[in-house]
Amino acid sequence: FEELNNEQEQRDLLPEIKNSTLGEMLRIYQSPRVIGNKFLNDHQRYEFFLRAITSPYTARDIERFSRFLRDHEGTHIDAGIYLSALVNSWQEEEITLHTSGLRLAPHKLGYENNGKYITIKGNVEDTLGMNMRDGIITVDGDAEDYVGYYMYDGKIVINGNVRRYVGSGMRNGETLVNGNAGVNHGENSMGGGITIIGNSGP
């Protein structure tokens with residue numbers, strides 16, 4: 001029923017997109033991201049989005065945009081970084097994001113999380129919670145490589161499977177995988193804890 005509700009919400013949103021909050025969010029997402037003739041790297045994209053986001057979006061606005069993004073997602077890298085910038089730019093602590101309708105699972109979602117409690121409904125790509133400072137990220141789905149990459153603190157919970165390299169480079173914090181995980185966890189880590197409930201190995 002959630003998928004049907006998502007499709008109905010998409011139809012309901014179409015008439016209000018052009019001059020709405022969602023339309024403004026979409027225009028920022030689709031704006032050019034170049035310096036001279038050079039495309040921005042991932043962190044520069046993130047900083048660009050933070051500077052461009054000036055309206056006080058609510059958690060509900062951002063949740064609705066994550067559903068709406070399925071028809072406007074661009075690249076999986078930009079989707080994850082933009083959603084991360086949106087989340088880190090608002091004052092509310094709790095938010096739900098929906099990734100199940102995206103063609104490509106978002107990359108770097110939860111980037112530099114600064115204390116938010118993020119629930120993600122669907123799968124994510126690489127480097128979930130990279131450079132995370134605080135807060136909790138819960139994924140009701142699967143994740144690819146490098147969950148918690150260089151995270152400084154906080155907690156990440158995956159209620160599915162992870163591919164490889166859980167907690168690589170992490171400084172502190174906790175990562176919990178309630179499913180299976182691959183190999184090479186905790187490489188170059190300096191602290192924190194990694195727990196894998198299911199099987200771990202090739």
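Modeller: Happy to. Let me begin with the polar contact, a pair of N or O atoms within 3.5 Å; within protein, one must be able to donate a hydrogen and the other to accept it, and residues adjacent in sequence count only if both atoms are side-chain atoms. Please keep in mind that this is a predicted model, where local features need pLDDT of at least 70, side-chain atom pairs count only at pLDDT 80 or more, and totals for chains, interfaces and linings use all residues. Residues are numbered from 1 along each chain as its sequence is written, and side-chain values use heavy atoms, with hydrogens and water left out.

Colleague: What makes Asn 41 a cap of H3?

Modeller: A side-chain oxygen of Asn 41 lies 3.2 Å from the backbone nitrogen of His 43, and the limit for a polar contact is 3.5 Å. Ser 20 caps the N-terminal end of H2, with a side-chain oxygen 3.3 Å from the backbone nitrogen of Leu 22.

Colleague: Why is Tyr 46 called buried?

Modeller: Its relative accessible area is 3%, and buried means under 20%, exposed over 50%, partly exposed in between (1.4 Å probe, protein chains only). Tyr 111, at 4%, is therefore buried, whereas Tyr 149, at 25%, is partly exposed.

Colleague: How do you know that the pair of Tyr 46 and Tyr 111 is edge-to-face?

Modeller: Rings of Phe, Tyr and Trp (its six-membered ring) pair if their centres lie within 6.5 Å; planes under 30 degrees apart count as stacked, over 60 as edge-to-face and the rest as tilted. The centres of these two rings are 5.0 Å apart and the planes stand at 80 degrees, so the pair is edge-to-face. Tyr 46 sits in helix H3 and Tyr 111 in the loop between E3 and E4, 65 residues apart. Tyr 149 and Tyr 150 are also edge-to-face, because their centres are 4.7 Å apart and their planes are at 90 degrees.

Colleague: Which buried residues does H3 have, and why are they on the same side?

Modeller: They are Asp 42, Arg 45, Tyr 46 and Phe 49. Their arc, taken from the directions from the helix axis to the C-beta atoms, covers only 100 degrees, which puts them on the same side of H3.

Methods: Helices (H or I, at least four residues) and strands (E, at least two) are DSSP runs, numbered from the N terminus.
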